[in-house]
Amino acid sequence: MATVKRLPSCIQIPLDEEELKDLVSKTKDWAIMHGVGIRSKTAFSEDSLNFAPFVLLPTTFPRKQFEKAVEIQTTLNELMHRVAHNREFLRETLRETIQVDEFTGNLYKIWETVLDEGVAQKTCLGLVRSDYMIHSTEISSIKQVEYNTISVSLAGVGNGISLSNRYVLEELGHFDKLHNLPENNALTGITLGLLDAWKIYGDPKSAVLFVVEDITYNICDQRFHEFELKRLNPRVKVIRKTLTEIHFEGALSSENELLVNGIVISVVYFRSAYTPDQIPTKKEWDARLLIERSLAIKCPSIQYHLAGTKKVQQALAKPGAIELFLSESKKIEAVREVFTGLYGLDFDEAGDQAVQMALDDPERYVLKPQREGGGNNVYGKEIRDTLLAMKDSRERTAWILMERIRPPISTGYIVRAGNTNPPPLVEMVSELGIFGVVIGDSQNISVNRQVGHMLRTKVATADEGGVAAGLGALDSPYLI
Ligand code: ADP
Ligand code: MG
Ligand code: MG
């Protein structure tokens, strides 16, 4: 294997130990006081916050690749909006998967139900995030990890970390470096999407419903969206409910308006309902169906949720697939360039070949089920065991195989609650996310924007790096 590249640090490190200790203490306070927070998993209490894990200094990221990711966002939005509205493509792509993967199957049933009944609300709101890593073994290029259509997080706290990293550079006197920190208004951008949908619905008394988990650890990120919405328009009501509560308190009016305790809901913003344990019983599935049947604008609608599955990502990487949705060759080329090798595991020649490739060289791939939220993928030698166990069973069709991206390594300080101060200098890798807003129906796209970014960084030896999942740390890019 070719050697992995290294990225230089934005300033000279290591820092002097005493200076570092003081800086870390101060930045922890800065983070808490600016809402870069998260609730403790080990000592959960509604009454207190920890700072969210963060990287002390901004991490170097190649400017050209950053700009490419920013530039391509509206094209990806267009592509995914069209995919979500192409029944044939979704049906064909998910045909096997929904028979084997119960969760995706249940989502699909909701979609079929509302299609049969007639879709009440034709407008969809997509608040999305396309994630990337730099692939660095040959020439450096940016590669898409995945495109998220549900519950995309970190626009809220991501703003704070951009400012925190700026504060640290200022504290160290590096004023000349600040121009390499790109501006980030992801929170306002994403929230304006919610507000646009609320306006399109057109009922000034209506509320925005946040569908939330039973326990919310990532509370700051969610509240930032709520409070930003209030800042933009204090008259918009916001309600937070779990699916279980919606089951008991929700109903449809005779005009299919969604009512929660009698209040009309114009926009449903899912910050939950993307993992099987978040829709555990029939009650919660019924609530999900109730929402989809309603006139409320859903973020995401059920077809947007389905379009965000890994199986769809893999199908789009097949030759000729992007061309079904985009016509401009420049756009098609740009999208194809960010895709990496993706393979289905169906029972056909291509699927058998993919299984064999992975068995022969498991380190080259990541094996992915149709799950969200981190911690579900299989890496390295375990790929072989997992594949051998399901090689002849239908279960394998619910998984995809993806080429493993090898990001360049940077060096820095990760600050995490409960860890020693000063923190050790560690080797890290980063994942960039670009946020998008798209609003439209099966015919038209009325809003299509790129609205900001976030960077997540993890120690180089970890396979995954979710911040809420406790593996990654918030970060911001330093462009070179
Ligand atoms: P999820 O929807 O659970 O976030 P992802 O596809 O983003 O699923 O995978 C989770 C994590 O696994 C990513 O954030 C990244 O750290 C790692 N990962 C996923 N795909 C790849 C890949 N092709 N190469 C390297 N790492 C990957
Ligand atoms: Mg995801
Ligand atoms: Mg992800």
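**Helix packing, ligand shell and backbone geometry**

Helix 5 and helix 10 cross in a right-handed sense, the near helix being turned clockwise from the far one by less than a right angle. The model is predicted, with local features requiring pLDDT of at least 70 and side-chain atom pairs pLDDT 80 or more, whereas totals for chains, interfaces and linings use all residues. Residues are numbered from 1 along each chain as its sequence is written, and chains are lettered from A and ligands numbered from 1 in the order in which they are written.

Of the 17 residues around ligand 1, Glu146, Glu372, Met402, Ile405 and Glu464 come nearest, a residue being near if its C-beta atom, placed from the backbone, lies within 6 Å.

Leucine 154, in the loop between strand 6 and helix 6 (155–171), has a positive phi near 80° and counts as buried because 26 C-beta neighbours lie inside 10 Å. Asparagine 261, whose phi is also positive at about 50°, counts as exposed because it has 11 such neighbours inside 10 Å (buried, 20 or more other C-beta atoms within 10 Å of its own; exposed, 12 or fewer; partly exposed in between; C-beta atoms placed from the backbone). The peptide bond from cysteine 299 to proline 300 is cis, with omega near 0°.

Technical notes
Helix = DSSP H or I, 4+ residues; strand = E, 2+ residues; numbered from the N terminus.
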